[in-house]
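Below is a short briefing on one protein chain. It goes through the sheets, the cores and the helices in turn.

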Amino acid sequence: MKYETVIGLETHVELSTMSKLFCSCGGHSEADQPNDCVCPACCGMPGMLPVTNKHAVELAVRAGLMLNCHINQYATFDKKSYYYPDLPCSYQITQWFHPICTNGYVDVPTKSGTSRIGIKQIHIEEDAGKLVHDDWADVTYVDFNRTSVPLIEIVSKPDFRSPEEVIGYIEKLKSMLRFGGISECEEGAMRCDVNISIRPEGTPELGVRSEIKNMSSLTAIERAIKFEVARHTDALERHTETLVQETRRWDDIKNRTFAMRNKETAADYRYFPDPNLMPVVVDDEWLAEIKDNMPASIEEKTAEYTEMGLSPQDIDSLVSERKLCDLFDAVVKSGCKPADTAAWILTDCAGILRRGGKVIGELDIAPEELSYIIKTVDEGKINRGVGKKVLSAVIEKGVAPEAFIKEQGLDAKVDESMILDTVKKVVADNPKAVSDYLGGKTKALQALFGSCMKELRGKGDPNAIRELLTQEVEKLR
Ligand SMILES: [Zn+2]
């Protein structure tokens, strides 16, 4: 019999806020030590009262708008009760009765076209802490830095039919959320629970479902899905086991899933509205403000850059990182040409970073600095080679371009007589290279040109220097 795989995803994404969801503690990524970012509120001391982080709500609404959701202008926070040592209150604050966003979709590109994946809801909730198991001392520590860090959980409809769609969806979410300034989605900041079942093709009823918890690597997700499909198929076809609804854990080393516990039902969690928190009311005015502040989407940016005449490769590279777009936009706005600016960022800056073992995403240069360098080159005050030298100093040493150019005397005017003197000196000092060139080795001219540039410390118009040099050497023929 042919079976169809049915998959739904619950994706937890850490929001890029400055502070936690219900207190003013900073984000856990700032913490140096365990339990550095902790206050009485987020570690559940008696009498603590939570206060909702407004920016977290805004980011959740923004995510909903990007995923074509209905924004519920009345939402609530509810308590989900369970006990675990990393959960100091013995309940997690989440949105159960009135989630902030419902009923959206996202189009995922696949090899065979586009798959539309429905979004059931997006709700806001707090993260739990972390248990740190010390293998040597035979103890377990608890670290509350991550406790109450804001998350959104994006719950998809069971619309996936293949691992390829799942991977495509996660990748699309990741780039949308990063681009939209909603989450950095770094390692561990995006975790998925995968719900999976199979059913005979053509039947409407869903099969018995297993849920694989807390997966963050794409390759692990793909392998876990393949393993579960094979396990479910064996159970149905060859009666190897009786399938039960349960929560399972993926073991990356053993390359298989293991049963963790029977799936809890909602009743087990005794959901009830949190009496300490006011409902979240997103009125028309606030919603309009969030919409106004929405950053352009990847599609909008792509269209804008295409209109500017940038190449598809340059556009792909720029939209891979929101901050590259921001830098590019600011430099172009200051009056630099788009294609030229793209080349400075994607070729020159990227090259300098690569030399230092870094990637373009780590670029840290102010738009004013880059714009100053590009304009100084455009105005002919320094040539492009010197411009690159200045750029390296700015990126690698953090110097200010204007001061660096003055200090090094890089903008000193080089007049023609100075170039001619230098060319004559180089020709006189290098008789071997000159005779090689005249003997037919055209490459020898490059060495002479290099010596001229060195003497002139990179200053002067390279084309003019090359022309004068050729003239001088040719005179000797
Ligand atoms: Zn706190």
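**The nine-stranded sheet**

Nine strands make up an open sheet with mixed pairing, in the order S2-S6-S7-S10-S1-S11-S12-S13-S14. Strands are DSSP runs of E with at least two residues, helices are runs of H or I with at least four residues, and both are numbered from the N terminus. Two strands count as paired if DSSP finds at least two bridges between them. Strand S2 (70–71) and strand S14 (256–262) are at the edges with a single partner strand each, so one side of each has no neighbour in the sheet.

This is a predicted model, in which local features need pLDDT of at least 70 and side-chain atom pairs count only at pLDDT 80 or more, while totals for chains, interfaces and linings use all residues. Residues are numbered from 1 along each chain as its sequence is written.

- S2 and strand S6 (residues 101–110) run antiparallel and are joined by two bridges. Isoleucine 71 is opposite cysteine 101 in S6.
- S6 is also joined to strand S7 (residues 113–126), by nine bridges, and these two strands run antiparallel. Threonine 102 is opposite glutamine 121 in S7. Two residues lie between S6 and S7, which form a hairpin.
- S13 and S14 pair in the antiparallel sense over six bridges. Here tryptophan 250 is opposite threonine 257 in S14. The hairpin of S13 and S14 has four residues between the strands, and asparagine 255 in this hairpin has a positive phi near 60 degrees.

**The three-stranded sheet**

- Another open sheet has three strands in the order S5-S4-S15, with antiparallel pairing. Strand S5 (91–94) and strand S15 (272–273) are its edges, each with a single partner strand, so one side of each is left without a neighbour in the sheet.
- Four bridges link strand S4 (residues 78–81) and S5 in the antiparallel sense. Lysine 80 is opposite glutamine 92 in S5.

**Domains**

- The chain is divided into domain 1 (8–190 + 245–252 + 259–281), domain 2 (298–407) and domain 3 (416–475). These bounds come from an automatic or database domain assignment.
- The centres of domain 1 and domain 2, taken over C-alpha atoms, are separated by 36 Å.

**Nonpolar cores**

- A nonpolar core is a set of buried Ala, Val, Leu, Ile, Met, Phe, Trp, Tyr and Cys residues joined through C-beta atoms within 7 Å. A residue is buried if 20 or more other C-beta atoms lie within 10 Å of its own, exposed if 12 or fewer, and partly exposed in between, with C-beta atoms placed from the backbone.
- The largest nonpolar core has 57 residues, of which Ala60, Ala63, Ile100, Ile122, Ile152 and Val194 touch the most other members. Helix H1 (residues 54–66) gives the most to this core, with seven residues.
- Which residues does alanine 60 touch, not counting residues up to four places away in sequence? They are Ile100, Cys101, Ile122, Ile124 and Ile152. Contact is defined as C-beta atoms, placed from the backbone, within 7 Å of each other.
- A second, separate core has 30 residues, including Tyr305, Val319, Val377 and Ile395.

**Helix H6**

- Asp314, Ile315, Leu318 and Val319 are buried in helix H6 (residues 312–319). Down the axis of H6 these buried residues fall within an arc of 120 degrees, so they line one face of the helix. The arc is that of the directions from the helix axis to the C-beta atoms.
- Pro312 and Gln313 are exposed, on the face of H6 turned away from its buried side.
- The cover over the buried residues of H6 includes helix H5 (298–307), helix H7 (322–333) and helix H8 (338–355).

**Helix H13**

- The buried residues in helix H13 (residues 431–438) include Ala433, Val434 and Tyr437. Their arc around the axis is only 100 degrees, which puts them on the same side of H13.
- On the face turned away from the buried side of H13 are the exposed residues Pro431 and Lys432.
- Helix H12 (416–429), helix H14 (444–455) and helix H15 (462–475) pack against the buried residues of H13.
- Glycine 440 follows H13 and has a positive phi, near 115 degrees.

Notes
Two residues are in contact if their C-beta atoms, placed from the backbone, lie within 7 Å.
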